[in-house]
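Please look over the sequence and the model shown here before reading the notes below. They are meant for a reader who is new to protein structures.

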Amino acid sequence: MAQRAVPHLSLKAYTEGGPEDKQQFIDQLYEGLKDYGFIVLRDHLVDQSLVDQAYKLFTEFFKLPLESKLRYYDAKIGGQRGYTPFKTEHAKDNPHPDLKEFWHVGRELAPTSPYYNVYPANVWVEEIPQFKDNLNKLYQAMDRTGVVLLEALGKALNVPSHFFRDMVADGNSILRAIHYPPIKGLEVKDSVRAAAHEDINLITLLVGATNSGLELLDRDGTWLKVESGPDEIVVDTGDMMSRLTNNVLPATTHRVVNPDQPGEARYSMPYFVHPHSDASLACLESCVGEGVQYPPITAGEFLMERLREIGLY
């Protein structure tokens, strides 16, 4: 029996291929997310130089003294923008904090957007001049890639061509930069870098993580390593997609395990694709099956509910 492994797909098959290539990509994306909850994407729309520069800038930021970093922390907004300190967040239903600190970048909205005063405003690191420009460019590239993936997924789910594009227009998507410090000398009996959890959003795009440690909970209850290269993006489905599709595309449990070498740090940058706050997460008609499993809720309501459950509010 062949060992299971997360499928690797080329986005160019969809963006540049002929009709058969496009359909094959749509089918493989859908089946990969349905079976594993994850796929690995190459030939995407994110320039590797932007990724490399972002990791360099975040490494510089996380090395700042704690008092400097805490200037960018606002507990009143639940860590939705700027800095969140080490051991603040925990997985849902897990009282033990994750061994990480992180930074959030959100969408830069025009004053005319209906969500201009709904989402918190971005904050930028004064000590690092290139920070704002690089992170905005990376955010936009990740956003474009996410929209293309959702468009392809929408074809498999038999929704109108504009469905997901409209849903994520002015969406509350988040670029998160995570620093998992070395665990040497830390009390780690009850905590891991990221405890088993499901993501909140529609889909997540994880670009170029170092020293991965990422594992998914496979359908047979075993943990499966998610292997990817530095120029690939790991894609997984979140709880919002699970609600929309009535668990046809379930949110897959995953974790980041502690390293074998306790002196190693890890950095990662997931991009969480969120709808706009007023978007309905009611079940899609194509996924009703034998009955709807979740009551209707908006994306904004669901996000706030989850932020409270993971200790950020």
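This is a predicted model: local features need pLDDT of at least 70, side-chain atom pairs count only at pLDDT 80 or more; totals for chains, interfaces and linings use all residues.

Residues are numbered from 1 along each chain as its sequence is written, and side-chain values use heavy atoms, with hydrogens and water left out.

**The whole chain**

- The protein chain has 8 helices and 12 strands, where helices (H or I, at least four residues) and strands (E, at least two) are DSSP runs numbered from the N terminus.
- Of the 313 residues in the protein chain, 53% are buried, a term that means under 20% relative accessible area, with exposed meaning over 50% and partly exposed in between (1.4 Å probe, protein chains only).
- Among contacts in the protein chain with a separation of 6 or more, 79% are between residues 24 or more positions apart, a contact being heavy atoms within 4.5 Å.

**Strand β7**

- Strand β7 runs antiparallel to β10 (residues 233-237), to which 5 bridges join it, and two strands count as paired if DSSP finds at least two bridges between them.
- Strand β7 is also joined by 5 bridges to β12 (residues 266-273), again antiparallel, and in β12 the bridge partner of Thr-204 is Phe-272.

**Aromatic rings**

- There are 15 aromatic pairs, counted when the ring centres of Phe, Tyr and Trp (its six-membered ring) lie within 6.5 Å, with planes under 30 degrees apart called stacked, over 60 edge-to-face and the rest tilted.
- The rings of Phe-61 and Tyr-83 are edge-to-face, because their centres are 5.7 Å apart and their planes are at 70 degrees.
- Phe-61 lies in helix α3 (residues 48-62) and Tyr-83 in strand β3, so this pair ties together parts that are 22 residues apart in sequence.
- Phe-61 counts as buried because its relative accessibility is 0%, and Tyr-83 is buried with a relative accessible area of 0%.

**A loop residue**

- Lys-92 is found in the loop between β3 (82-84) and β4 (101-105), and its relative accessibility of 35% is why Lys-92 counts as partly exposed.
- Lys-92 and Glu-309 are 217 residues apart in sequence, yet 5.6 Å apart in space, C-alpha to C-alpha.
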